[in-house]
Amino acid sequence: MNRPCLWAGLWAGLVLPCALFADDTDIRQAISEGNRAYEAGELSQAAAQFDYAATLIRQLQAGELGTLFPEPLTGWQADKIDTQAGSAAFFGGGINASRRYRKDGGSMEISITKDSPLLQTMAVLFTNPSMAAMGGYKVKRIKGQTAMMKEENNSRELQMLIANRILIQLRGRGITEEDLNAYAEALDIEAITRL
């Protein structure tokens, strides 16, 4: 994996890593530096190093999450996987990965978001079918999970919230409901949940 780079400067006393992936050595070094600073009573430096280590770990998680997207189904092509890990200081520490698929004149993007505090607001829709229906969603079950599907003009979307901490979204234009269902069924929900 690539070694991380650091943005120049400090913001609110925190070191901000670029969205690249770290290796085990970088993570262990940050933890070691955090321990050393803590023992020396340098609490701000210790907090910055531990936050840095946590961000590196989230970047590793994002990279692993990117390996769990389904391969293109018959007749489809897929773009490169995009992964991001947000610093706890800015985006709540969530991780996100997405991949775009294309077929004929249609396209679809699958995105997976994990461990972001922002997902708590989505739980209201999934636990209240009446509210989901008011938003134009149709509720169904896919692989034992509650899913919400919506169709508008030439676009369709399907969302699943798993264990209140993982949001899977499939959105596309020029695709059928069967396309959405096929890709939702192709996802390895158990592997995504374990990560």
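Rings of Phe, Tyr and Trp, the last by its six-membered ring, form a pair if their centres lie within 6.5 Å. On this basis W76, Y101 and Y183 make up one aromatic cluster. The model described here is predicted. Its protein has 195 residues, of which 42% count as buried, and its secondary structure comprises 7 helices and 8 strands.

**Aromatic cluster**

- The count of aromatic pairs is 2. One of them joins W76 and Y183, with 5.2 Å from centre to centre and 80° between the planes, an edge-to-face arrangement.
- W76 belongs to the loop between α2 (43-65) and β1 (77-78), whereas Y183 belongs to helix α6 (residues 177-186), so this pair ties together parts that lie 107 residues apart in sequence.
- Planes over 60 degrees apart count as edge-to-face, those under 30 degrees as stacked, and the rest as tilted. The rings of Y101 and Y183 have planes at 50° and centres 4.6 Å apart, so their pair is tilted.
- W76 is buried, with a relative accessible area of 9%. Y183 is buried at 0%, and Y101 is likewise buried at 0%.

**Helix α6 and its cover**

- The buried residues of α6 include Y183, together with D179, L180 and A184. These residues cover an arc of only 130° around the axis, and therefore lie on the same side of α6.
- Several strands contribute to the cover over the buried residues of α6, among them β3, β4 (106-114) and β5. The cover also includes β6, β7 (155-162) and β8 (166-173).

**Strands β5 and β6**

- Strand β5 (residues 138-142) and strand β6 (residues 145-152) run antiparallel and are joined by 5 bridges.

**A charge over a ring**

- The charged end of K150 sits over the ring of Y137, at 5.0 Å from the centre of that ring.

- Helix α4 (residues 120-127) contains Q120. Q120 counts as partly exposed, at 47% relative accessibility.
- Although Q120 and N164 are 44 residues apart in sequence, their C-alpha atoms are 6.7 Å apart in space.

**The protein as a whole**

- Among contacts between residues at least 6 apart in sequence, 50% join residues at least 24 apart.
- The protein exposes about 10500 Å², and carbon and sulfur atoms supply 52% of this area.

Notes: Residues are numbered from 1 along each chain as its sequence is written. This is a predicted model: local features need pLDDT of at least 70, side-chain atom pairs count only at pLDDT 80 or more; totals for chains, interfaces and linings use all residues. Side-chain values use heavy atoms; hydrogens and water are left out. Helices (H or I, at least four residues) and strands (E, at least two) are DSSP runs, numbered from the N terminus. Buried means under 20% relative accessible area, exposed over 50%, partly exposed in between (1.4 Å probe, protein chains only). A charge sits over a ring if NZ of Lys or CZ of Arg is within 6 Å of the ring centre and within 35 degrees of the ring normal. Contact means heavy atoms within 4.5 Å. Accessible areas come from the Shrake-Rupley method with a 1.4 Å probe; for residues, only the protein chains shown count as cover. Two strands pair if DSSP finds at least two bridges between them. The arc is that of the directions from the helix axis to the C-beta atoms.
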